[in-house]
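Thanks, everyone. Please have the viewer open.

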Amino acid sequence: MGSSAVVGGTSITTGGTTSCCHMARWRWDHHCFLSSTFVFFIASFVVYGFIAGVYAWLFVNPHAPLELASLGCRPDSEGSWAIGVFYGDSPFSLRPIEAMNVWRNESAAWPVANPVVTCASASDAVFPSNFVADPFLYVQGDTLFLFYETKNSITMQGDIGVSKSDDKGATWQHLGVALDEEWHLSYPYVFEYLGKIYMMPECSGKGELRIYRALNFPLQWTLEKIIIKKHLVDSVIINHDGKYWIFGSDHTGFGAKKNGQMEIWYSSSPFGPWKPHKKNPIFNTDKSSGARNGGRPFVYNGNLYRMGQDSGETYGRRVRAFKVEVLTQDEFKEVEVSLGIDESNKGRNAWNGARYHHLDVQQLSYGKWIGVMDGDRVPSGDPAHRFILGCASVVVVVAVVILLGSLVGAVKCIIPLNWCPHNSGKRSDVFLTWERSNLMSSKLRQLCSRLNRAPLFLRGMIKPNSIIGRLVISFIFAVGAVLVCIAVKYIYGGNGAEEAYPLKGHYSQFTLLTMTYEARLWNLKMYVKHYSRCSSVEEIVVVWNKGLPVRIRVEEKNSLNNRFKIDPLIKNRAVLELDDDIMMSCDDIERGFRVWREHPDRIVGFYPRLVEGSVLKYDGEKYARKLKGYNMILTGAAFIDAQLAFERYWSKEAKAGRKVVDKYFNCEDLLLNYLYANASSSRTVEYVRPTWVIDTSKFSGVAISRNTQLHYRIRSKCLLKFSEMYGGLGKQKWEFNGRENRRDFDQESNRLFTIATGRL
């Protein structure tokens, strides 16, 4: 037979054999290979690669917070555990340290916020750590010692670290590694017996339960005794009713359910001999039951309580408390009680938003209770989970490209026929005989044929040249674009958390204050929901200027001066003044907060302006960038010191300026800038460039400044009046890239994506 070709079709006939695209020889001049399939695939991946790059540039922030980018704090499949401090009148009324309003001036922590010990605490002390977990306290007078597991970033093994606090847990000094063995160590249960200090860490990797004695507390320890040769995890020793009891879990036994098993042992001494409880294993049930220990047992009001881990949703999801009602050599009974700790609603933005699995509570000498808890913002195995999802998205994108190619006619075969058994080139007679009788080979031939008929079938069914066909192709392309962005997010975008930025090892929190009106109520719910997820936002205060009382703060007079009114209910030093029509990322907010903590005497914000010249005229951000400098920050999105700013704004000197604000119903932010500049000869403003901003007033049309020309004229009049009252700003001008250590805060190469932009 001769050879024929169907031009523009999907088949080529050669020697009596019909093929979608015979690719026995992959020659570069092959029409099917070069002009359609190959070029289409290259073009598709270039386009999708461009989309992925733009998405990563605009929305993905792969950088770790400053001070966490050290030798340690690397992504770890076990998590990113950190440790926080809690206080209360009882072990069931514990509140985080930030709720106690503890201040630290030297680190601009007003107030100090959890976590107080992190992987950076150890890493900055030249002990690289990926995370810290399993905290146990030892109280020695007014000094607190904190022992915990620290996972070495180099050996990837758990060691026992120790820190010290002389201020009731507000600040901690990392002392070093207290115990390092050849095997994994964790759960450093520290206790006192006959005037000596002992530690019983988890040594399940060694298959032993060991007790160490302090030689030179807290950093030098020696092995005192191996008390039980079992693979016990998270074990504790307590003295109850004249006997010593060990609670622990052995997951290596036949039929033992991981994280759902618990055993009890008893003795007359911490050093044994130890006897197993009659009903061992006490528990061997679901991992959400709290069977595995989650901290130190404690006595309160004469009752013994045990802490247990709930690992139902993920490992270490939460801590549960159990009241022990019966504990004898033959019986054991406990009932669950409420622990009274509220879980965060900030998700991954909270340091313990995903899980918290350990709590040690102790009563201090003056009667109050203190607790140390570990927490993690991501579930167990999160890096691997994200990588799998990202790779799966890439695979689906490849499938989408093949589907698109089939619909537009660029891909004429799914599997080149030379890959199939019946077209694999010259074969022996023996192989041919085997192939004819082999069922698997027959099935493979059928599969190849059916797959290669798929492009023709799809084109016939969808009809790409029709309107519906083009819509289908557009939709499939959009699905591919979304999947590419998802792949970038999971593979390149980190754990998805918008974390707080520490300063000198400390975290803090601030109050977000916004002013709203009845006409903008539609936006308020979205606004509050979005910003309440930001890690460092402790409270949101809404200033309501009209009618309906919504407290937070109801004002009798509709005045922009209310924005800076002294509010005795605000306990935080830092206040973020943020208009109710501005939406930006929590990461930008956290970066701005970090910069303000470095310069709390300045207005730190996201909208720069420049006022200079003999004829004062108000202009937008483009004017300031054109002249490469700024001397004013709009307070529609700015951090200020609540004490400093509010007192200045409501001082006698500012009375005339406030009258101007009421007259024009405008310019309150300009007045505050003049008051700051008038009170100081040094720099008073600081700019932080946001990644992206959405101005929702552009969608609603409800804005004071909707008439731009009129708005600018009014503000120009304000500038003239304020300059007469408080002096000019012309001598002050700060470069956009002038800040030291400005990494990730203000660079011209930073990403800026403004939707409906133009703060006026």
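Cys73 and Cys119 are both buried. Keep in mind that this is a predicted model. A disulfide joins Cys73 to Cys119, with the sulfurs 2.1 Å apart. The cut-off for calling a disulfide is 2.5 Å between the sulfur atoms, so this pair qualifies. The link of Cys73 and Cys119 is right-handed, with 115° about the S-S bond. The two ends sit in distant parts of the chain, 46 residues apart. Cys73 is in the loop between helix 1 (31–59) and strand 4 (82–88), and Cys119 is in helix 2 (residues 119–123).

How many disulfides does the rule give? The count is three.

Next pair. Cys534 is joined to Cys586 by a disulfide, S to S 2.1 Å. The link of Cys534 and Cys586 is left-handed, at -80° about the S-S bond. Cys534 lies in the loop between helix 7 (521–531) and strand 28 (537–544), while Cys586 is in helix 8 (residues 586–598), so the pair ties together parts that are 52 residues apart in sequence. Cys534 and Cys586 are each buried.

Now Cys667 and Cys718. Their disulfide has an S to S distance of 2.0 Å. With 80° about the S-S bond, this link of Cys667 and Cys718 is right-handed. Here too the pair links distant parts of the chain, 51 residues apart. Cys667 is in the loop between helix 11 (655–664) and helix 12 (668–679), and Cys718 is in helix 14 (residues 708–726). Both Cys667 and Cys718 are buried.

Two other cysteines to look at. Is Cys203 buried or exposed? Cys203 has 0% relative accessibility, so it counts as buried. Cys391 has 29% relative accessibility, so it counts as partly exposed.

Back to helix 14, since Cys718 sits there. Which residues of helix 14 are buried? Among them are His711, Tyr712, Arg715, Cys718, Leu719, Phe722 and Tyr726. As a general point, an α-helix has 3.6 residues a turn, so residues three or four places apart point the same way. What do the buried residues of helix 14 pack against? Strand 34 (632–633), helix 11 and helix 12. Just after helix 14, Gly727 takes a positive phi of about 90°.

Four strands form an open sheet in the order 5-4-25-24, and the pairing is antiparallel. Which strands are at the edges? Strand 5 (95–96) and strand 24 (355–363), and each pairs on one side only. Strand 4 and strand 5 pair over two bridges, in the antiparallel sense. Phe86 has Pro96 of strand 5 as its bridge partner.

Last stop, Asp382. This residue is found in helix 3 (residues 382–408). Asp382 has 2% relative accessibility, so it counts as buried. What does Asp382 touch, leaving out residues up to four places away in sequence? Ser77, Arg348 and Asn495.

That's the tour. Questions, please.

Technical notes
Residues numbered from 1 in each chain as written. Predicted model: local features only at pLDDT ≥ 70, side-chain atom pairs only at ≥ 80, totals over all residues. Heavy atoms only, no water. Buried < 20%, exposed > 50% of the residue type's maximum accessible area, 1.4 Å probe, protein only. Pairing = 2+ DSSP bridges. Contact = heavy atoms within 4.5 Å.
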